[in-house]
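Reader: I would like to go through the charged side-chain pairs of this protein. Please show me the sequence and the model.

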Amino acid sequence: MAIKWIDEAVLQRYVRDNPRKWRINGKRVLAVNYNVQFNRYPDLSFIVDGEPDPIPVEVEWTSKNFLVHGHPIETLRDANGCIFVLFKNIDNLGVPQYEIPYDGFKEWVKANSEKLVDDTAEALGRTEERTMPRLWMQYISQRG
């Protein structure tokens with residue numbers, strides 16, 4: 001049984017935080033953005049030099065995980081999207097796959113571990129600010 005001690009969101013952040021590392025069809029990636037709904041399929045979108053539209057990108061630990069999660073490949077195929085994986089263990093999924101360099105990811109996690117912990121703690125400690133004032137209602141019967 002494989003236990004993942006690090007959430008896939010960390011792998012997504014590595015890809016997002018390092019746009020200059022990536023090339024799609026030989027073209028530079030100018031920016032990487034999270035999906036509007038965080039951690040929803042597809043995870044990221046790439047702004048690629050010379051491409052009119054953002055390119056959807058799904059990030060997975062392994063190629064097999066893409067199949068296990070049951071993501072519709074058409075979403076990526078129809079938009080010329082791709083998959084980024086740490087370990088490519090299936091050769092052909094119907095869209096291009098790019099391998100994330102293991103050593104690069106490992107070094108990035110070491111260098112950014114304190115920031116990741118701080119960001120997580122900040123997000124967990126954050127409380128939602130109330131935009132509307134509290135309204136108290138009290139029932140008063142006709143008897144008064």
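Reader: How many salt bridges does a search of the whole structure find?

Author: The model is a predicted one. Side chains of opposite charge can pair when their charged atoms come close. Over the whole structure, the number of salt bridges found is seven.

Reader: Which residue forms a salt bridge with Arg13, and which parts does the pair tie together?

Author: Arg13 lies in helix α1 (residues 8-17) and its partner in helix α4 (residues 102-125), so the pair ties together parts that are 106 residues apart in sequence. The closest N and O atoms are 2.8 Å apart, and the partner is Asp119.

Reader: Is Arg13 buried or exposed?

Author: Buried means under 20% relative accessible area. The relative accessibility of Arg13 is 17%, so Arg13 counts as buried.

Reader: What is the N to O distance between Lys27 and Glu51, and where do these residues lie?

Author: Lys27 belongs to strand β2 (residues 27-34), while Glu51 is in the loop between β3 (44-48) and β4 (55-62). The pair therefore ties together parts 24 residues apart in sequence. Lys27 is partly exposed at 31% relative accessibility, and Glu51 is partly exposed at 31%. Their side chains meet in a salt bridge with an N to O distance of 2.7 Å.

Reader: Which residues are linked with Asp119 in a network of salt bridges?

Author: Asp119 also forms a salt bridge with Lys115, with the closest N and O atoms 3.1 Å apart. Both lie in helix α4, four residues apart, about one turn of the helix. The network links Asp119 with Arg13, Arg16, Asp17 and Lys115.

Technical notes: Residues numbered from 1 in each chain as written. Predicted model: local features only at pLDDT ≥ 70, side-chain atom pairs only at ≥ 80, totals over all residues. Heavy atoms only, no water. Salt bridge = Lys/Arg side-chain N within 4 Å of Asp/Glu carboxyl O. Helix = DSSP H or I, 4+ residues; strand = E, 2+ residues; numbered from the N terminus. Buried < 20%, exposed > 50% of the residue type's maximum accessible area, 1.4 Å probe, protein only.
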